[in-house]
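Here is a friendly walk through one model, with an eye to its confidence, its helices, its ring pairs and its backbone. Have the viewer open as you read.

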Amino acid sequence: MKWYLVASLLTILTSSQGILTTLSQTNGKYKYDYATIPFLAEVFKLIVSSVFLWRERKKSPPPKMTTDWKSVRLFPIPSVIYLIHNNVQFATLMYVDTSTYQIMGNLKIVTTGILFRLFLKKKLSNLQWMAIVLLAVGTTTSQVKGCGEASCDSLFSAPIQGYMLGILSACLSALAGVYTEFLMKKNNDSLYWQNIQLYTFGSIFNMARLVVDDFRGGFEKGPWWQRLFNGYSITTWLVVLNLGSTGLLVSWLMKYADNIVKVYSTSMAMLLTMVLSVFLFSFKPTLQLFLGIIVCMMSLHMYFAPPHMLVDIPPAIKSDPESLVNVPVDRIKSYL
């Protein structure tokens with residue numbers, strides 16, 4: 001399967017994620033425990049990967065599966081990084097408002113490019129670096145509200161702790177993605193076997209979060225497994241399937257493409273969500289959204305287009321055979 005088809009599908013699924021989540025609310029509130037969504041999504045990814053690995057093992061030759069503990073022990077690390085990242089996100093929101101936090105989140109586009117270069121030793125051309133910066137500028141522009149609104153003044157008025165935590169959050173998000181790509185590409189193991197290791201630890205960490213929530217709430221609503229499906233509707237299940245399918249596509253891109261492709265997919269998904277919200281939720285389009293989309297499309301073209309499409313290269317000058325003069329060898333010797 002071509003990477004750009006997977007990236008396009010990821011963009012569509014990611015853009016519908018926020019819309020489905022909004023539609024799953026009842027009167028603006030969640031009737032279900034939202035913490036159960038990531039847990040069930042991890043279980044879904046684990047089941048799907050197990051089925052595909054089972055089918056793959058029936059083929060000849062069987063897929064490569066590294067079971068050495070030195071390799072397996074590396075797979076909980078992305079879950080640990082995401083766990084720290086989630087806590088940093090909550091801490092950041094204590095110092096900045098939602099709009100500022102959203103805009104600062106675009107820093108992960110640049111930090112992903114930097115860590116991509118440092119840790120994976122992937123060289124990017126000057127045009128590609130410019131494209132990555134343009135993508136961050138475009139997504140930020142689309143999120144900036146009109147300067148007549150109160151939120152515009154709060155963008156640069158947050159405490160320094162908020163900005164430092166925002167930068168840390170962007171670095172952790174990029175680090176988790178780059179490290180996951182390193183895990184997926186460090187050997188020729190089956191993609192589904194690597195997924196099983198990732199999602200097993202992901203399920204354990206998400207289950208641990210549910211247990212911690214129970215202890216914090218004093219088991220007021222009962223243990224998590226008794227209320228796991230409480231308040232679930234068809235739309236809620238679509239949110240679970242959407243989140244799980246998105247994760248499977250991301251792991252495919254990590255294995256066969258790279259982090260930058262994923263960053264472009266998720267960034268384009270954010271813009272697509274805004275456009276769809278105009279028709280679904282009466283969202284009023286702004287000039288900033290229009291300009292942001294143009295800048296992001298320019299960035300997309302700059303990063304993935306062949307160099308000859310971006311820079312005018314003068315054609316090589318070919319000599320006319322008829323203009324060439326045959327010089328006898330004797331005359332050449334006379335000059336020596």
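Helices here are DSSP runs of H or I with at least four residues, numbered from the N terminus. With that in hand, the loop between α6 and α7 is where K121 lies.

## Confidence

Please keep in mind that this is a predicted model. The protein chain has a mean pLDDT of 87, and 89% of its residues reach 70 or more. Among the elements of the chain, the highest mean pLDDT, 96, belongs to helix α2 (residues 36-57), while helix α8 (residues 150-153) has the lowest, 52.

## Backbone points to check

Most residues other than glycine have a negative phi, and most peptide bonds are trans. K121 is not a glycine, yet its phi is positive, about 60 degrees. K121 is also exposed, with a relative accessible area of 63%.

F219 is another residue other than glycine with a positive phi, near 55 degrees. Its loop runs between α10 (191-216) and α11 (234-256), and F219 is partly exposed at a relative accessible area of 39%. P61 sits in the loop between α2 and α3 (69-72).

## Helix α13

Does the length of α13 agree or disagree with what its residue count predicts? Helix α13 (residues 287-304) has 18 residues, which should span 26 Å at 1.5 Å a residue; the end C-alpha atoms are 26 Å apart, so the two agree.

The buried residues of α13 are L289, G292, V295, C296, S299, M302 and Y303. They lie on the same side of α13, because they cover an arc of only 145 degrees around the axis. An α-helix has 3.6 residues a turn, so residues three or four places apart point the same way. The cover over the buried residues of α13 includes α7 (126-143), α12 (259-280) and α14 (307-310). On the face turned away from that buried side, α13 carries the exposed residues L287 and F290.

T111 belongs to helix α6 (residues 107-120). Its relative accessibility is 13%, so T111 counts as buried, the cut-off being under 20%. A polar atom of the T111 side chain lies 3.2 Å from the backbone oxygen of K108. Beyond its neighbours within four places in sequence, T111 is in contact with A170, C171 and A174.

F90, in helix α4 (residues 76-92), counts as exposed at 57% relative accessibility.

## Aromatic pairs

How many aromatic pairs does a search of the whole structure find? The search finds 18. One of them is W3 with Y4, an edge-to-face pair at 5.9 Å centre to centre and 80 degrees between the planes. W3 is partly exposed, with a relative accessible area of 34%, and Y4 is partly exposed too, at 45%.

F229 and Y232 also form an edge-to-face pair, 6.0 Å centre to centre with 90 degrees between the planes. Here F229 is partly exposed at 46%, whereas Y232 counts as buried at 15%. Ring pairs link F229 and Y232 into a cluster with Y30, Y32, Y34 and W237.

Terms used: Residues numbered from 1 in each chain as written. Heavy atoms only, no water. Phe/Tyr/Trp six-rings, centres within 6.5 Å; stacked < 30°, edge-to-face > 60°. Buried < 20%, exposed > 50% of the residue type's maximum accessible area, 1.4 Å probe, protein only. Helix = DSSP H or I, 4+ residues; strand = E, 2+ residues; numbered from the N terminus. Expected span 1.5 Å × (residues − 1). Arc of directions from axis to C-beta. Contact = heavy atoms within 4.5 Å. Polar contact = N/O pair within 3.5 Å; in protein donor to acceptor, adjacent residues only side chain to side chain. pLDDT = per-residue confidence, 0-100.
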